[in-house]
Amino acid sequence: MDTIRDLASEKAVVVFTKSSCSICHSVKMLLYDLGASPAIHELDRNANGREMEWALRELGCNPAVPAVFIGGKLVARSAKDIISLQVNGSLKQMLKDARAIWL
């Protein structure tokens with residue numbers, strides 16, 4: 001769990017994904033389209049990926065990916081969460097507040 005917290009605070013936006021997950025790809029593209037440059041951690045390509053996946057599940061992420069942290073806070077435990085934030089207009093403000101984007 002400490003590894004997740006440490007990684008989540010390394011950059012304004014951090015996304016935990018799997019390389020084979022198409023919805024994870026969509027979430028990453030959404031963040032890129034908004035102008036963010038997230039740190040991406042692909043669990044299936046990380047030596048500690050399985051442990052990280054279990055730690056994300058302990059944080060309430062089920063499935064474990066995509067998990068999105070903004071400003072060190074877990075803001076999306078699923079793709080549904082991040083899409084909801086985009087639809088209601090709060091995602092862009094969160095990114096601004098975390099200084100991940102400037103527009």
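## Exercises on a predicted protein chain

Val75 touches Val68, Phe69, Ile70, Asp81, Leu85 and Met94, leaving aside residues up to four places away in sequence. The model is a predicted one, and the exercises below start from this residue.

**Exercise 1.** State in which strand Val75 lies, and decide whether Val75 is buried or exposed.

*Solution.* Begin with the location: Val75 belongs to strand S4, which covers residues 73-76.

**Exercise 2.** Find how many aromatic pairs the whole structure holds, and work out why the pair of Phe16 and Phe69 is given its class.

*Solution.* The search of the whole structure gives one aromatic pair. The ring centres of Phe16 and Phe69 lie 5.7 Å apart and the ring planes stand at 75°, so the pair is edge-to-face; the cut-off used in this step is that planes over 60 degrees apart count as edge-to-face. Then place the two residues: Phe16 sits in strand S1 (residues 13-17) and Phe69 in strand S3 (residues 67-70), so that the pair links distant parts of the chain, 53 residues apart. Both Phe16 and Phe69 are buried, and Phe69 is also one of the residues that Val75 touches.

**Exercise 3.** Describe the order of the elements in the protein chain, and explain why its radius of gyration agrees with that of a compact globule.

*Solution.* Count the elements to begin with: the protein chain has five helices and four strands, and from the N terminus on they follow the order α-β-α-β-α-β-β-α-α. For the radius of gyration, a compact globule of 103 residues would have a value near 13 Å, and the protein chain has 12 Å, which agrees. Along its principal axes the C-alpha trace spans about 35 × 25 × 20 Å.

**Exercise 4.** Determine what share of the residues is buried and what share of the contacts joins residues at least 24 apart.

*Solution.* Of the 103 residues in the protein chain, 44% are buried. Turning to contacts between residues at least 6 apart in sequence, 57% of these join residues at least 24 apart. To complete the picture, the accessible surface comes to about 5900 Å², with 49% belonging to carbon and sulfur atoms.

Conventions
Residues numbered from 1 in each chain as written. Predicted model: local features only at pLDDT ≥ 70, side-chain atom pairs only at ≥ 80, totals over all residues. Heavy atoms only, no water. Rg over C-alpha atoms; globule rule 2.2 N^0.38 Å. Buried < 20%, exposed > 50% of the residue type's maximum accessible area, 1.4 Å probe, protein only. Contact = heavy atoms within 4.5 Å. Areas by Shrake-Rupley, 256 points an atom, 1.4 Å probe, with all protein chains shown as cover. Phe/Tyr/Trp six-rings, centres within 6.5 Å; stacked < 30°, edge-to-face > 60°.
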